[in-house]
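Work through the exercises below with the model open. Each task is followed by a stepwise solution.

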Amino acid sequence: MLRAILIGPPGSGKSSVGKALSRELSTSFEDTDELIVEKTGRSIPEIFAEDGETKFRAIEKEVVLLALRSNIGVISLGGGAVIDLDVQEAIRKSAAQVILLQIGLGNVLARISNKTDRPLVAQDPERQWKDLLAARAPIYESLATIVIATDNKKPYEVARELMSRMGLARE
Ligand code: S3P
């Protein structure tokens, strides 16, 4: 049963928190970026460079809609997956918690700067990340059932906080 869907901007910790949360819930975990890499046999930067963003979004939509209909316990979505209206509808219809990970610029820049694995924030990380967030924040916020800050927290700390907010903490 799908228990939690993690959404949020690039670098907010969706994959590492998702993994930690799936451990707390003793359930399975998938990251849709990884599913895209498995399906295509190419890295995300390769898909963007060879096919462009529009094609990437089409592949992403297919993979995400399939994942949302599957039996995976915890899913972390690529930061831009929620732009698609059908994806938004599938998330809204899901019985899972929709967890928005928030992070401040100071924390996120250390994670996304000087890297090549995120083509949309590779050129001018600060400006590009701010622009992505400004455009998407209303979507993220309208979908979320839980909003949590990840700044200066380890993934397991965020996961435990989430367990408590979901009324599932063991203490
Ligand atoms: C993207 C975020 C990336 C990846 C792709 C596009 C985006 O995932 O799907 O580079 O549009 O925000 P992360 O959010 O896991 O970095």
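**Exercise 1: The shell around the ligand**

Task: sort the residues of the shell around the ligand into nonpolar, polar and charged.

Solution. The shell divides into five nonpolar, three polar and six charged residues. This is a predicted model. In total, 14 residues surround the ligand. The closest of these are Lys 14, Asp 33, Arg 57, Arg 118 and Arg 136. Next, assign the shell to secondary structure: its largest share, three residues, comes from helix H4, which spans residues 53–68.

**Exercise 2: Polar atoms facing the ligand**

Task: find how far an oxygen atom of the ligand is from an N or O atom in the side chain of Arg 118, and do likewise for the polar backbone atoms of Gly 79 and Gly 80.

Solution. Start with the side chain: an N or O atom of Arg 118 is 2.6 Å from a ligand oxygen. Then take the backbone. A polar backbone atom of Gly 79 is 2.8 Å from an oxygen atom of the ligand, and for Gly 80 the corresponding distance is 3.4 Å. Each pair can now be checked against the cut-off for a polar contact, which is 3.5 Å between N or O atoms. Finally, consider the surface: the ligand taken alone exposes 380 Å², and the protein buries 95% of that.

**Exercise 3: The largest pocket**

Task: state where the ligand sits, then describe the lining of the largest pocket by residue class and by helix.

Solution. The ligand sits in the largest pocket. About 570 Å³ of space lies in this pocket. It is lined by 31 residues, and those closest to its centre are Pro 10, Asp 33, Gly 79, Asp 117 and Arg 118. By class, the lining has 11 nonpolar, nine polar and 11 charged residues. By helix, at least two lining residues come from each of H1 (14–24), H2 (32–40), H3 (44–51), H4 and H7 (125–143).

**Exercise 4: Arg 42**

Task: locate Arg 42 between its flanking helices and give its side-chain polar contacts with Glu 50 and Asp 51.

Solution. Arg 42 is in the loop that runs between H2 and H3. Its side chain forms a polar contact of 2.6 Å with the side chain of Glu 50. A further polar contact, at 2.7 Å, links the side chain of Arg 42 to that of Asp 51.

Key
Residues numbered from 1 in each chain as written. Predicted model: local features only at pLDDT ≥ 70, side-chain atom pairs only at ≥ 80, totals over all residues. Heavy atoms only, no water. Near = heavy atom within 4 Å. Polar contact = N/O pair within 3.5 Å; in protein donor to acceptor, adjacent residues only side chain to side chain. Areas by Shrake-Rupley, 256 points an atom, 1.4 Å probe, with all protein chains shown as cover. 1 Å grid on protein atoms, 1.4 Å probe; cavity = no way out; pocket = protein on both sides within 12 Å on 5 of 7 lines; lining within 4 Å. Sits in = over half its atoms within 2 Å of the grid points. Helix = DSSP H or I, 4+ residues; strand = E, 2+ residues; numbered from the N terminus. Nonpolar A, V, L, I, M, F, W, Y, C, P; charged D, E, K, R; others polar. Points joined across faces, edges and corners; volume = space filled by probe spheres on them.
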